Amino acid sequence: MGGLGFSKLQHVNDALLLKWTWRFKKEGHSLWKKVVWGCHGSGRMWPLLPYSPSATGCWRQIVKIGEKRIWNGNTLNSYFVGIVGDGSSINFWTDSWLHNEPLRFSYPNLFRIERKKWATVSERLLVFNGEKIMNWHWTTAPSSAVQVTELFSLLSNIYDYDWKGGSDEWKWTADDEGVFSVKQAKVLMSSGPVQQNIWCMNWKGWAPLKCKMMAWRVAINRLPTKSELVKRGVPLPNDTCDLCSNNEETTSHLFTGCIFAAEIWSRMETWCRLSPIFAFEVVDLLTLADVQQLSKTNKYILKGILITALWALWNERNNRVFKNNRRRAIEVVEFIKATSFFWIRNRSKYKEIDWNAWRNSPFLM
Ligand SMILES: [Zn+2]
């Protein structure tokens, strides 16, 4: 099959999947939406649609399409914009309404302390006699400098927001009429230069070569996972992931879909104070440092930490498979902190890094 033909077919397929996002946003309280909430409403990731990382199949595909970045760097989801009426059906943090991206991206430090991640606009904001009143529900009150700065910026944006009243509406901004169409979605996806998410291994980083080699094999899908071994005709008692005992052990599952991996990434996110990690594929983890708002030095530090984390996860998997030796996710994260500390001190120019500072946050000012 010609490459062009294939890519066109891919766009049709993606556009059809994307239509579900539009339907999910536009349709009121239909039954299928309730089913989706039931299955995915408790997930720890916060894309535009409810999603739990252990989910597979069609819904995973639908959510993934929306998070995909097209040629101009925008995600497909960024074209779905809520026009707030009474705010009862638009999510405060996870939908785009105030900016052209969800507030969870603009204010990650506030989003972290939000108690109800799926809160609607009307749950956080009341308009009474033309006056806007906020109704926060934090796990702990914003107190750090970054939290307070974000809060002031958010409040001033909300006060400037022009209220339309009436009922909530959704607009698809890729179309002049504001209405989603599969035809226009195909045009959107196929226009502009094709952007390929190619990851370049940084062989100069501070992580040891054995870890870089392993990360490289992950990137090109050459890791001997059970599913790869089975494909090559190696007889195995089972192809189940030993980290969760629930799914087939593929590279993608092991490092992104697995609930054990998800806990590791969540703890890493807290330690490094990263904006929320959305890893659908391994390449999302490998390119993570590039999409974070960090200085050059801190990106250099983070890249090494990520490689250490991938290596530690694979190490944990091997200990379970070959030595029947299991650690909890929190112990693996402590191991990542200690190992990366040892390596960066011995293998980079940052020899003065202090252990207590490192444990608190690995980044330099
Ligand atoms: Zn698993």
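Biologist: What should I know about the numbering and the model before we start?

Modeller: Residues are numbered from 1 along each chain as its sequence is written. The model is predicted, so local features need pLDDT of at least 70 and side-chain atom pairs count only at pLDDT 80 or more, while totals for chains, interfaces and linings use all residues.

Biologist: How many helices and strands does the protein chain have?

Modeller: The chain has 17 helices and four strands. Both are DSSP runs numbered from the N terminus: helices are H or I with at least four residues, strands are E with at least two.

Biologist: Why is Ser245 called exposed?

Modeller: A residue is buried if 20 or more other C-beta atoms, placed from the backbone, lie within 10 Å of its own, exposed if 12 or fewer, and partly exposed in between. Ser245 has 10 C-beta neighbours inside 10 Å, so Ser245 counts as exposed. Ser245 sits in the loop between helix 10 (226-231) and helix 11, and its phi is near 55°, a positive value in a residue other than glycine.

Biologist: What makes Asn324 exposed?

Modeller: Asn324 has 8 other C-beta atoms within 10 Å, and is therefore exposed. Asn324 belongs to the loop between helix 15 and helix 16. Its phi is also positive, near 55°, in a residue other than glycine.

Biologist: Why does Val12 count as partly exposed?

Modeller: Val12 has 15 C-beta neighbours inside 10 Å, so Val12 is put in the partly exposed class. Val12 is part of helix 1 (residues 3-26). The C-alpha atoms of Val12 and Met189 are 9.4 Å apart, although 177 residues separate the two along the chain.

Biologist: What share of the protein chain counts as buried?

Modeller: Of its 365 residues, 33% count as buried.

Biologist: What makes a set of residues a nonpolar core?

Modeller: The set must consist of buried Ala, Val, Leu, Ile, Met, Phe, Trp, Tyr and Cys residues joined through C-beta atoms within 7 Å. The largest such core here has 42 residues, and Ala261, Ile264, Leu306, Ala309 and Leu310 have the most contacts inside it. Several helices each supply at least two residues of this core, including helix 9 (209-219), helix 12 (259-272), helix 15 (296-323) and helix 16 (329-347). Helix 15 gives the most, with eleven residues. Another core, of 17 residues, lies apart from it, with Leu17, Ile62, Phe80 and Trp172 among its members.

Biologist: Which residues does Ile264 contact?

Modeller: Contact requires C-beta atoms, placed from the backbone, within 7 Å. Leaving aside neighbours within four places in sequence, Ile264 is in contact with Ala309, Leu313, Ala329, Val332 and Val333.

Biologist: Why is helix 9 called roughly perpendicular to helix 15?

Modeller: Axes are lines fitted to C-alpha atoms over the stretch in contact, and angles run from 0 to 180 degrees between N-to-C directions. Angles under 35 degrees count as roughly parallel, over 145 as roughly antiparallel, 65 to 115 as roughly perpendicular and the rest as oblique. Helix 9 and helix 15 pack at about 80°, with axes 9 Å apart, and therefore helix 9 is roughly perpendicular to helix 15. Among the residues making the contact are Cys211 and Met214 of helix 9 and Leu310 and Trp311 of helix 15.

Biologist: Why is helix 15 oblique to helix 16?

Modeller: The axes of helix 15 and helix 16 come within 9 Å and cross at roughly 130°. Helix 15 is therefore oblique to helix 16.

Methods
Contact = placed C-beta atoms within 7 Å.
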